[in-house]
Amino acid sequence: MTKPVDAATPVERRLLQSIVEVARHAFGAAASSIFLIDPETGDLVFEAVAGEGDGQLVGTRFPAGTGIAGWVASSGQSMLIDDLRESRHFSGEAAASTGYVPDSIMAAPLFGDDECVGVLEVLDRGAGAAREMADVELLGLLADQAAIGLELLTRLRAADPSNRSDKALRLLEMAESLLAPTHG
């Protein structure tokens, strides 16, 4: 695990942070995180973390293909594992390096156009999380929101520089207001 240069802009990071906070709350989870794939190296980079590890993991990276996030990123498929000791895709060493080793993980890919650009994970869902297929579908919807938000912000950044900050901030405010009712 190494520390990278910041990849996401502050606006992108706020959007991603709001997504992981909603995901953590929606599933009563110990933690939620978003990895983005570094397009130059293929590494998985923590871009937002809520719960266990927040405040210390953002910017940390793992080599492509590492653990559950690496498998989800390469396969483009969601995954739910309630007992990680039984998973051949889980990297206990990578998890231990973060300071938190979960018992369960649910992960969904983030697609930009037709390409996987990252992974949304939820670690150790709460005791009430017994709706497995519905939970995976909900996580997939949150991952879609994150990917769409990132794509819109990327387009705004590429647009006229004199207008992009105001537009990006308005977009972020709209996204946060849409997500606010689910915070309960």
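User: Which side chains meet in a salt bridge with a distance of 3.0 Å, N to O, one of them being Asp-38?

Analyst: Here the general idea is that a salt bridge is a side-chain nitrogen of Lys or Arg within 4 Å of a carboxyl oxygen of Asp or Glu. In this structure, Asp-38 pairs with Arg-61, at 3.0 Å from N to O. Asp-38 sits in the loop between strand 1 and strand 2, and Arg-61 belongs to strand 3 (residues 61-62), so the two are 23 residues apart. Helices (H or I, at least four residues) and strands (E, at least two) are DSSP runs, numbered from the N terminus.

A word on the source: this is a predicted model, where local features need pLDDT of at least 70, side-chain atom pairs count only at pLDDT 80 or more, and totals for chains, interfaces and linings use all residues. Residues are numbered from 1 along each chain as its sequence is written, and side-chain values use heavy atoms, with hydrogens and water left out.

User: Are Asp-38 and Arg-61 buried or exposed?

Analyst: Buried means under 20% relative accessible area, exposed over 50%, and partly exposed in between (1.4 Å probe, protein chains only). Asp-38 and Arg-61 are both buried. They also join Asp-43 in a network of salt bridges.

User: How many salt bridges are there in the whole structure?

Analyst: The search finds six. Another one joins Asp-82 and Arg-125, with the closest N and O atoms 3.1 Å apart. Asp-82 is in the loop between strand 4 and helix 3, while Arg-125 is in the loop between strand 6 and helix 4, so this pair ties together parts 43 residues apart in sequence. Asp-82 is partly exposed at 42% relative accessibility, whereas Arg-125 is buried at 13%. Asp-83 and Arg-85 form a salt bridge as well, at 3.0 Å from N to O. There, Asp-83 is partly exposed at 27% and Arg-85 is exposed at 75%.

User: Which residues have the most contacts inside the largest nonpolar core?

Analyst: A nonpolar core is a set of buried Ala, Val, Leu, Ile, Met, Phe, Trp, Tyr and Cys residues joined through side-chain atoms within 4.5 Å. The largest one here has 23 residues, and those with the most contacts inside it are Leu-16, Phe-27, Ile-34, Leu-110, Leu-120, Val-122 and Leu-139. Helix 4 gives the most to this core, with seven residues. Apart from it lies another core of 21 residues, including Val-49 and Phe-62.

User: Which elements do the buried residues of helix 2 pack against?

Analyst: To judge packing, look for contacts, meaning heavy atoms within 4.5 Å. The buried residues of helix 2 pack against strand 1, strand 2, strand 4 (79-81), strand 5 and strand 6. Among those buried residues are Ile-68 and Val-72.

User: What does the side chain of Glu-47 make a polar contact with?

Analyst: A polar contact is a pair of N or O atoms within 3.5 Å; within protein, one must be able to donate a hydrogen and the other to accept it, and residues adjacent in sequence count only if both atoms are side-chain atoms. Glu-47 lies in strand 2 and is buried, at 1% relative accessibility. Its side chain makes a polar contact with the side chain of Arg-13, at 2.5 Å.
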